[in-house]
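This report describes the fold, the surface and the confidence of one protein model. Please consult the sequence and structure shown below while reading.

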Amino acid sequence: MRQSYRDKQNRRARIAKEREEKSVNKKNNIARNNNFKKENRKTGKDYSDRRVNDERLDSNITTIDKEYEDVVAGRNAVLELLKSDKDINKIFVERGEKHGSINEIVARAREAKVVLVEVEKSKLDLYAENHQGVVAIVPPFNYCEIEDILEVAKEKEEDPFVLILDGIEDPHNLGAIIRTAETAGVHGIIIPKRRTAQVNSTVAKVSAGATTYVKVARVNNIVDSIRKLKDAGLWVIGTDGDAETMYYNQDLKGPLAIVIGSEGFGMGKLVKENADILIKIPMKGEITSLNASVSAGIVIYEAVRQRM
């Protein structure tokens, strides 16, 4: 009983100490906030519009809400994000003299009343490698459904133009493909949930912000998705090195879904079997395959040419 009583007393003392520490920390945070507001009033800055140019405020924001758990890094990607009016938690910019598009990013962020925080380069390095001096904290990428992609085509009164990526594992390839798809007017991209790159900060940066505009559906099964597209009236064209038809000899007009296989392995067996037609890109050198993003660009823009 003595041991049990002693344990209770120790536990009570520990809880009391923790409460006291929390109270002290809360008072210190309030004091720092008040001091920061006083400094803003002296310098004529408006604290109420949430425009922040001092790292001290960031010390009071110790955690990011769980719904904001992704980053967009790079000048073009962040600038396109601001132009799109999508939700942004805050933007970190590198402390020091600013040049070029960084000034436009700062101006647009202030106009949109997005929290803007100047930090050292070392802090930006924690979020992304090639950040170009700016990182935006955003909600996770919002994937869509296949029906949403088809609806985009319907709203534009165009034949559906869809891209299916079967196992693209390199995020740089995925970003490059998304960028090409956006410039070519592709209505949406379909990727599997497993064994493939997902849309993250690297993909967003490589795409030069195109992830902001292109709809991407993430599905459990590519073959089931192909069948769904066929039911909607689309022709499914697969790219395969062993095909007999050259890509430029194939009719790529009308409702269309183009399948691009993985780097090195191409399309899966079942995916290939469920494609309506297989096409290939001619290879004249010793190397018998192209980078996936290059292959995608060649076929996508042949379809664009035919549709003009």
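How many bridges join strand β8 to strand β11, and do the two run parallel or antiparallel? In this predicted model, strand β8 (residues 235–239) and strand β11 (residues 277–280) are joined by 3 bridges and run parallel. Within this pairing, Ile237 has Ile277 of β11 as its bridge partner.

**The sheet**

The pair β8 and β11 belongs to an open sheet of 7 strands with parallel pairing, in the order β7-β6-β5-β10-β8-β11-β9. Its edge strands are β7 (216–219) and β9, each of which pairs on one side only. In general, the strands of a sheet pair through backbone hydrogen bonds, either parallel or antiparallel.

Strand β11 also pairs with strand β9 (residues 245–246), through 2 bridges and in parallel. Here Thr245 stands opposite Ile279 of β11.

| Strand pair | Bridges | Direction |
|---|---|---|
| β8 and β11 | 3 bridges | parallel |
| β9 and β11 | 2 bridges | parallel |

**The whole protein**

In total, the secondary structure comprises 11 helices and 11 strands. Of the 308 residues, 42% count as buried. Among contacts between residues at least 6 apart in sequence, 81% join residues at least 24 apart.

**The surface**

The protein has an accessible surface of about 18100 Å², and carbon and sulfur atoms account for 46% of this area. Which residues make a nonpolar surface patch of about 220 Å²? The patch is made by Met283, Leu290 and Val294. Met283 lies in the loop between β11 and α11 (292–307). Met283 is partly exposed because its relative accessible area is 33%, a value between the limits of 20% for buried and 50% for exposed residues.

**Confidence**

The mean pLDDT of the protein is 81, and 78% of the residues reach 70 or more.

Definitions and conventions: Residues numbered from 1 in each chain as written. Predicted model: local features only at pLDDT ≥ 70, side-chain atom pairs only at ≥ 80, totals over all residues. Heavy atoms only, no water. Pairing = 2+ DSSP bridges. Helix = DSSP H or I, 4+ residues; strand = E, 2+ residues; numbered from the N terminus. Buried < 20%, exposed > 50% of the residue type's maximum accessible area, 1.4 Å probe, protein only. Contact = heavy atoms within 4.5 Å. Areas by Shrake-Rupley, 256 points an atom, 1.4 Å probe, with all protein chains shown as cover. Patch = residues over 30% accessible without salt bridge, like charges linked within 9 Å, V, L, I, M, F, W, Y side chains within 5 Å. Salt bridge = Lys/Arg side-chain N within 4 Å of Asp/Glu carboxyl O. pLDDT = per-residue confidence, 0-100.
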